[in-house]
Amino acid sequence: MDTPMDGDPTTPEESTDSRNISRRPVLRAALVAGVAVPAALMGVPALARTVPSTGGTLELTPECDDGDDPTPAQTEGPYFKPNSPRRSSLVDAGTVGTRLTVTGYVFGLACQPIANALLDFWQADNNGVYDNTGFKFRGHQFTDAAGKFTLATIVPGLYPGRTRHIHVKVQAPGGRILTTQLYFPNEPRNNTDTIYDPRLLMTMSNNGTTRVGEYDFVLNVRQTPTSTSTSSSSSSTNPTSTTTGVPGGSWAAGSAYTAGTTVTYGDVTYVCQQAHTAQPGWEPPNVPALWRVG
């Protein structure tokens, strides 16, 4: 059973109906529509917050701080496994369970989408059981150029002590790992689960027989108003290195690495934890989700 380790499930939360309209949903709508984001939103650190009672345009606030704080962290639980396969679908023709599509975007603190962010998902099967010997209902993927991700899976089953949930680790290139969980609205066990946090509720709808969940992650990553990728973690004092030169090391951007591969970087040996193609900014010391010190 998952046990609380971090996160704050007791934090008060406004109801969905009472939340203000933020700049982030406006950006999300533009990204979904495949149209250019209005320059007024991309060019200044301001966000659309509320619609005046008299109508008209959205009021602007001076900063990207409309209650869209970084997504809260939660316990990893006992069932995480490294080396998950890279895939966006966790189902096949024989998979039992209600089909579920989870989609959304990864943003930074300036409400700009983050491309190439890593998302590693794992969950229980239809019977509430985790696969601890293989990789059923486990997989990682990366956001596209617009910061979008899509996961095809099933609605996870229940097991004692927990409400329905999906685990995920999210990491911007060169950033720190956010470990958290996603929840389903209107679940009876939400009221008794000691880990449950309403800030992590997905917005749910139906598409035929498939359930559709939407959730946008906000990482604690500093950005300039016009940036669409990470620059540095807010908890870091120095900017993340994006150089491809490796003094005395064998790691190289553009190389395809598999789990277990050993490389050197800056005279330190690292072991690959998840198969991936290396990119600038993903040097081993910057991405502990992909590399561990060997």
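Modeller: In this predicted model, β4 and β7 pair in the antiparallel sense over five bridges. In β7, Q171 is the bridge partner of L118.

Biologist: Are the residues on the faces of β4 buried or exposed?

Modeller: A residue counts as buried under 20% relative accessible area. In β4, five of its five residues are buried. L118, D120 and W122 lie on one side, with L119 and F121 on the other.

Biologist: Which residues of the largest nonpolar core touch the most other members?

Modeller: They are V102, V106, L119, V170, F217 and L219, in a core of 30 residues. Strands that each supply at least two residues of this core include β3 (99-107), β4 (118-122) and β7 (165-171). Leaving aside neighbours within four places in sequence, V170 is in contact with V106, L118, L119, R176, I177, L178, F217 and L219. Another core, of 14 residues, lies apart from the largest one; Y257, C272, W282 and A289 are among its members.

Biologist: How does one read the order of strands in the open sheet that includes β16?

Modeller: The order is β15-β16-β18, with antiparallel pairing. The edge strands, β15 (262-265) and β18 (291-293), each pair on one side only. Neighbouring strands of this sheet are turned by 40° against each other on average, direction ignored. Three bridges join β16 (residues 268-272) to β18, where V293 is the bridge partner of Y270.

How values were computed
Residues numbered from 1 in each chain as written. Predicted model: local features only at pLDDT ≥ 70, side-chain atom pairs only at ≥ 80, totals over all residues. Heavy atoms only, no water. Pairing = 2+ DSSP bridges. Helix = DSSP H or I, 4+ residues; strand = E, 2+ residues; numbered from the N terminus. Axes fitted to C-alpha atoms, helices over the stretch in contact; angles between N-to-C directions. Core = buried A, V, L, I, M, F, W, Y, C linked by side-chain atoms within 4.5 Å. Buried < 20%, exposed > 50% of the residue type's maximum accessible area, 1.4 Å probe, protein only. Contact = heavy atoms within 4.5 Å.
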